[in-house]
Amino acid sequence: MDLTVEHKLKVYYYLRLTRACDDAILRLYKQGKMVGGAYTGNGNEATAVGSAFALEERDYLFPMHRDLGAHLVKGQTLRHIFLQQLGRAGSLTRGRDGTGHYADPALRIYGNVSHLAAMIPVAVGVALAVRMRKEDAVVLSYIGDGGCNVGDFHEGLNMAAVMKLPFILIIENNQFAYSTPTAKQHAADRLADRGAGYGIPGVTVDGTDVLAVYEVCRTAFARARRGEGPTLIESVSMRMHGHSASDDASYVPRALLDEWKGKDPLERYTRVLTEEGILDGARAAEIEGRIDREIEEAITAAMTDPNPAPEDAAEGVFAP
Amino acid sequence: MATMTYIEALARGMWEEMENDPSVFLIGEDIGAYGGAFKATKGFFQHFGADRVIDATLSEAAIVGASVGAALVGMRPVAEMQFADFVTCGFNQLVVNAAKTHYRWHLPLPMVVRLPTGGYIHGGPYHSASPEAWFFHVPGLKIVAPSTPYDAKGLMRSAIRDNNPVVFLEFKYLYRRIKGDVPDHPYTVEIGKGALRRPGSDITVITYGSTVHFTLEAAETLSREDGVEAMVVDLRSLAPLDRELILKVSRETGKVLIVHEDNLTGGIGGEIAALIADEAFSSLDAPVRRVGALDTPVPFSPPLEEYVLPDVQKILSAMRSLSRY
């Protein structure tokens, strides 16, 4: 579909919501209210939101820890995001796992595990089931510039390519895998060039441009729906925060951060909408106010949810 | 009732479940038109077609991982590892993803991973693995280990119907060496239940897989030559263990020998011995003894392999020593 004004404002809402929600998670972390670590997607919002916005409700999403925006676009509620962060009884994993490590089959979201690339073959298996059952759906998954060097990347993508499965993989090339820069992860200039090795298209896109990401994904999803198989997309952006909230990222050159600050995905899109006359200060303030209220309500709801009963930990290893 | 080999019975179990349930499919290397390295899936491709008998790329991680994905959305994959040894390449998918899925996500994960297991075929260090202890330690995986054609079919049907990942040990040594009666009517063998293979009141031997047959042979010799009657128990399932049966048969004779083909250190026998020590100590008349392979890789040359793996003589000698304790 071509984006209407309403769609474009929705994209703006999700970009802004993602940024604000990440900020709130960091705030809770700093206040010592968070359980475990906190991971943000600051700098990656356009990739997460733009790609998920091109999905249909019936499609499957396998997001990573930088893809809060994709969770939200696919329909996840803020309440469940915070319940997961806080490990509460009412969370989607009932406190057994945290952050985005949940599954919500109703929304067709299957979260990541910490061995990020390990979910690539799993997502390929969903694409295989989709094909066997003749469903009209695609499966979208993500990996990083570090994770794409794990064997699962090759093994999963190759199987999907050979079987021409409706599978799309986005490499979020955000310049650093924890503290390791891309130059120490791969010798190739363009990670999208790997596509040729699997006999599939490999496309590089500016990962700070939400509309460009959306367009590239739309094309890739349409190809997958036609039965022509996977596409590898390299979305280039910058990880503006540390790997996690405990990482001050002092190894990242200041100049590099300054350079990418000028390409902030949210500001960039704000300028586009302002120039198109879709967004003005009043409208932006109204959306911001709405987002702040939604986040506060979600945090309050999550905070008042009870912790799981300790003895519940022994239950549910096996399915009945 | 038909008489069939162990491998024919396994295949029969898969075939019947595929006939019953369209969500069941097979995936593995060379399992299609070729019928698999051991021909376990001979004829399946021709009957069920390429969509349900999938020749996979050479990647255990992708085969097991794709099985996890398909199972997550309601399919019932049966994945073949060409040899149990190669499951190391799919280990991450089984341990990190499959085993933890229900605990974390409360979703069923009905999948079977078939492992042609064990030695006695001169396969050397990379075609003789007994991998059960690697998985036995992992919460969330079931493990079955049939020793007869009847159980091979019955456990295969149960494994495919189970809503959890099931590691299915198939003993290559038994594939075509043993035959048995297999009913035509639908039946299953419950996962988690062992079976008494030979009654006896003097000592108890607990075992599974190929060594069930060696133990039964040793028990006959022991009866003939020493007049000692050994009770022989076939565990059939390793996870969950049939704790109730293990404790019952241990208390009945007070002298227990555990036999497995896998090497001794960190093997399943150690856990069984600990269970007996914990809960049946007052019934014991002797220390719990174990027979297993030496703590070496399984070597290639026949005299070396025979030296390393348990056999009838080694089992007989341990039974004799225990009976005289």
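Which residue follows helix 4 of chain A, and is its phi positive or negative? Helix 4 of chain A is followed by A:G87, and the phi of A:G87 is positive, near 65°. Before going further, a word on conventions. This is a predicted model, in which local features need pLDDT of at least 70 and side-chain atom pairs count only at pLDDT 80 or more, while totals for chains, interfaces and linings use all residues. Residues are numbered from 1 along each chain as its sequence is written, and chains are lettered from A and ligands numbered from 1 in the order in which they are written. Helices (H or I, at least four residues) and strands (E, at least two) are DSSP runs, numbered from the N terminus.

Let me stay with helix 4 of chain A, residues 78-86. Eight of its nine residues are buried, so the helix is mostly covered; a residue is buried if 20 or more other C-beta atoms lie within 10 Å of its own, exposed if 12 or fewer, and partly exposed in between, with C-beta atoms placed from the backbone. The buried residues of helix 4 of chain A are A:L78, A:H80, A:I81, A:F82, A:L83, A:Q84, A:Q85 and A:L86. The cover over them includes helix 1, helix 3 (68-73) and helix 11 (281-304) of chain A.

Two loop positions in chain A deserve mention. A:G199 lies in the loop between helix 7 (194-197) and strand 8 (202-206) of chain A. Why is A:G199 classed as exposed? Because A:G199 has 12 other C-beta atoms within 10 Å. Its C-alpha atom and that of A:P230, 31 residues apart along the chain, are separated by 9.4 Å.

The other position, A:Q185, is in the loop between strand 7 (180-181) and helix 7 of chain A. A:Q185 counts as partly exposed because it has 19 C-beta neighbours inside 10 Å. Leaving aside residues up to four places away in sequence, A:Q185 touches A:D145, A:G146, A:N149, A:A177 and A:T180, where contact requires that the C-beta atoms of two residues, placed from the backbone, lie within 7 Å.

I turn now to helix packing. Two packed helices are described by the angle between their axes and the distance between the axes. Axes here are lines fitted to C-alpha atoms, for helices over the stretch in contact, and angles run from 0 to 180 degrees between N-to-C directions. Angles under 35 degrees count as roughly parallel, over 145 as roughly antiparallel, 65 to 115 as roughly perpendicular and the rest as oblique.

In chain A, helix 1 (residues 5-30) and helix 10 (residues 265-275) pack at an angle of about 155°, with their axes 10 Å apart. Helix 1 of chain A is therefore roughly antiparallel to helix 10 of chain A. From helix 1 of chain A, A:K8, A:Y12, A:L15, A:R16 and A:R19 meet A:P265, A:L266, A:Y269 and A:L273 in helix 10 of chain A. The residues of this contact divide into six nonpolar, no polar and three charged; Ala, Val, Leu, Ile, Met, Phe, Trp, Tyr, Cys and Pro count as nonpolar, Asp, Glu, Lys and Arg as charged, and the others, Gly among them, as polar.

In chain B, the axes of helix 7 (residues 210-226) and helix 11 (residues 312-323) come within 9 Å and cross at roughly 50°. Helix 7 of chain B is therefore oblique to helix 11 of chain B. By class, their contact has seven nonpolar, three polar and three charged residues.

Finally, the chains themselves. Chain A and chain B each give 32 residues to their contact. On the side of chain A, helix 5 (119-132) and helix 6 (151-162) give two or more residues, and the largest share, nine residues, comes from helix 5 of chain A. The axes of helix 6 of chain A and helix 3 (residues 60-72) of chain B come within 9 Å and cross at roughly 70°, which means that helix 6 of chain A is roughly perpendicular to helix 3 of chain B. There A:G151, A:D152, A:E155, A:G156 and A:M159 meet B:A61, B:A62, B:G65 and B:A66.
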